[in-house]
Amino acid sequence: MAKEIHKFDLVTDMTPSGDQPAAIEKLLNGFENGERFQVLMGATGTGKTFTMANVIQNVNKPTLVLTHNKTLAMQLYIELKELFPNNRVEYYVSNFDFYQPEAYIPARDLYIDKDSKINQDLEMMRLSSLNALTLRSDTIVVASVAAIFATQDPNEYSKIFFELKLGQKIKKNELLTFLIKTGYNRNDVELSMGTFTVKGDIIKIAPGYSDKFVYRVSMFGDEVESLERIEPIENRVIDRMRTLTIYPAAAYVTDYNKMKVVVDNIEQELVARVKELKAEGKMLEAERLDKRTRYDMETLSEFGVCSGIENYSMYLDFRQPGTTPFTLLDYFGDDFLMLIDESHMMIPQLHGMYNTSQSRKETLVNYGFRLPSALENRPLNFSEFESKMKNVIFTSATPGDYESELVDRKFVEQIIRPTGLLDPVIEIRSTENQMLDIISEINKRVEKNQRVLITTLTINMSESVTSYLQEKNIKTAYVHSELKTIERNQVIADLRRGVYDVVVGVNLLREGLDIPEVSLVCILDADKQGFLRNTRSLIQTIGRAARNSEGKVIFYADTTSRSMQEAIDETSRRRKIQEEYNEKNNIIPQTIIKKITDITINSQIRDRVNELEKLKSTKKKTEREKLIADLRKQMMASAKEMDFENAARLRDLIIELEGE
């Protein structure tokens, strides 16, 4: 189907302010001058999303927004959906709530079968993304790294759209056959997403991309008599239509008539691979591969689907070995805008996906669990991803080396915060008697009802510092990876409420830690070289004190490392720019007032988690599933209310419970 041409329509009462007007102008001029890559270096709280929205409207091309986790992706999705209510804004992330990939550990002779649980809400949104990109030019898709994983050829996908019109002549059997070919299943008992029912001349179709409505097609002989969209519970007519576009029920639909060719091709590879394994003396591997693959072939021939069907994607797509798989990026066409948010995190993630996937699958292939063609079911490697980068804006407060080198370190800067808040003051202090100095600083903050964060390099040190401060009657707790999610959440909530005055941790950079009550960050061993003390990490850690008008950071070190000096210089530069802006516009910085999430729910959840440990294993599974279902509802409700801090915490807890 041909794409509908629409323009992006930014709807807002806000006008660009601070550095935003200059940043928007520079980015737009860059594209007009033929610059493929640009970097927006924007400090936290400067309104990068609003700047990007203005760029999207002016560039007016289909837009992909990449970000490094689901929670941040949901936040951007909701913000952009509010800014572009008349356009298509979509959300594309992994459709799994829980995913354990197939793997084999030779040292333990341990085979781990794939275990996953698909989230139907996320699956709906993924399908909606593909449909929007196929039909509309004014589409924004906010996506995670899922965007570089294999999906169906967009040309094949676009061929299976079907349009019904009022009064159209079509045989009922022809319509039903089409529905089956596009992934719908007939179910006359229960109408669920991706199914249809037939009762006389009435056909009801539940689309795979929404559970809010179903379509009712009424036939009179071979003529379409009426087309209606109805509310499924009350069977109430929402609207009557003259035309109805039927979208595919699944992201991957294979023509059943081609399946025989697919199975024949699989068998040819199987015969050759078994012969090869036997020649190498790998009789066990050869027998295992033959048995497993032939079972899959029989299932494909009979049902058109099998467990682990993605391992045969090369044959299903009729691709040659070594060719680039189709991904979400192919649905954008050749001319689109790509925004890579938090690029210092996203780029390394894009780099790592391919190698991780191939390493795991090579082991499966070598030990006879999969055919070599399974290696073709993969994410894009980074060079393939680069080949699809046309018009790209990287955004980050601390751009990485990759994007910095692409633009020869010439950034478009967005430093000024409309709120007037300044980057914190930084001091360097000796490690001699550092704990006594820290206690003195803590007491000053406690008098003002403010909070303190202390970062260390190791878990043991974080626990030791915590014990020492507790002995001095300072209300202190620690947060690190060995604490359960629910315990970490509780510590942060208690810090904000004043149950604790100090939290000690190893890496306090995760989302959900923008705590306005924190006015002091103490960084121990600031001069030690490594990931936790490089320039980028130091700047990010300094930012934890940037939500408070009295923000301050103390580096405890006996020397000044290059990373420390670079972080100090950059923070001072940004602070000076903001001070000049505030003075010019008579702005007095005010600490951000942020609602403290009620922890009553957290307490209830904690009690339920504790009860799980006391139950017998038979009942524990059922109770855990009930708790996970309740948590998922709370997570979605928090996301809709834009309480992303709570949504992130609930998401972490869900992952932990499902992992158990």
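Guide: Take the pairing of strands S2 and S8 (residues 139-143) as a way in: they run parallel and share four bridges. Strands here are DSSP runs of E with at least two residues, helices are runs of H or I with at least four, and both are numbered from the N terminus. Two strands pair if DSSP finds at least two bridges between them.

Visitor: Before we go on, what kind of model is this?

Guide: It is a predicted model, where local features need pLDDT of at least 70, side-chain atom pairs count only at pLDDT 80 or more, and totals for chains, interfaces and linings use all residues. Residues are numbered from 1 along each chain as its sequence is written, and side-chain values use heavy atoms, with hydrogens and water left out.

Visitor: Back to S2, then. Which residue in S8 is the bridge partner of Leu66?

Guide: Ala143 is the partner of Leu66.

Visitor: And what joins S2 to S17?

Guide: Four bridges join S2 to S17 (residues 337-341), and the two run parallel. Val65 has Leu339 as its bridge partner in S17.

Visitor: Are the faces of S2 covered or open?

Guide: Both faces of S2 (residues 63-66) are covered. Thr63 and Val65 are buried on one side, Leu64 and Leu66 on the other. Buried means under 20% relative accessible area, exposed over 50%, and partly exposed in between, using a 1.4 Å probe and protein chains only.

Visitor: Why two sides?

Guide: In a regular strand, side chains alternate between the two faces of the sheet.

Visitor: What is the order of the strands in the open sheet?

Guide: The order is S3-S8-S2-S17-S18-S1-S19, seven strands with parallel pairing. The edge strands, S3 (88-92) and S19 (412-414), each pair on one side only. From one strand to the next, the twist averages 20 degrees; axes are lines fitted to C-alpha atoms, for helices over the stretch in contact, and angles run from 0 to 180 degrees between N-to-C directions.

Visitor: How many bridges are there between S1 and S18?

Guide: Five, in the parallel sense, between S1 (residues 37-42) and S18 (residues 391-396). Phe37 is the bridge partner of Val392 in S18.

Visitor: Now a helix. What does H2 lie across?

Guide: H2 lies across S1, S2, S8, S17, S18 and S19, and runs at about 170 degrees to S17.

Visitor: How many residues does H2 have?

Guide: H2 (residues 48-59) has 12 residues. Its first and last C-alpha atoms are 16 Å apart, close to the expected 16 Å, which is 1.5 Å times one less than the number of residues.

Visitor: Why is H2 described as largely enclosed?

Guide: Because nine of its 12 residues are buried, H2 is largely enclosed by the rest of the structure. Among those buried are Phe50, Met52, Ile56 and Val59. Asn60 follows H2 with a positive phi, near 55 degrees.

Visitor: Different spot. Where does Thr571 lie, and what does it touch?

Guide: Thr571 lies in helix H17 (residues 562-584) and is buried, with a relative accessible area of 5%. Leaving out residues up to four places away in sequence, Thr571 touches Asp423, Pro424, Ile426 and Ile542. Contact means heavy atoms within 4.5 Å.

Visitor: And Ile112?

Guide: Ile112 lies in strand S6 (residues 110-112). At 24% relative accessibility, Ile112 counts as partly exposed.

Visitor: Last one: how many helices and strands does the protein have?

Guide: The protein has 20 helices and 25 strands. Of its 660 residues, 52% count as buried.
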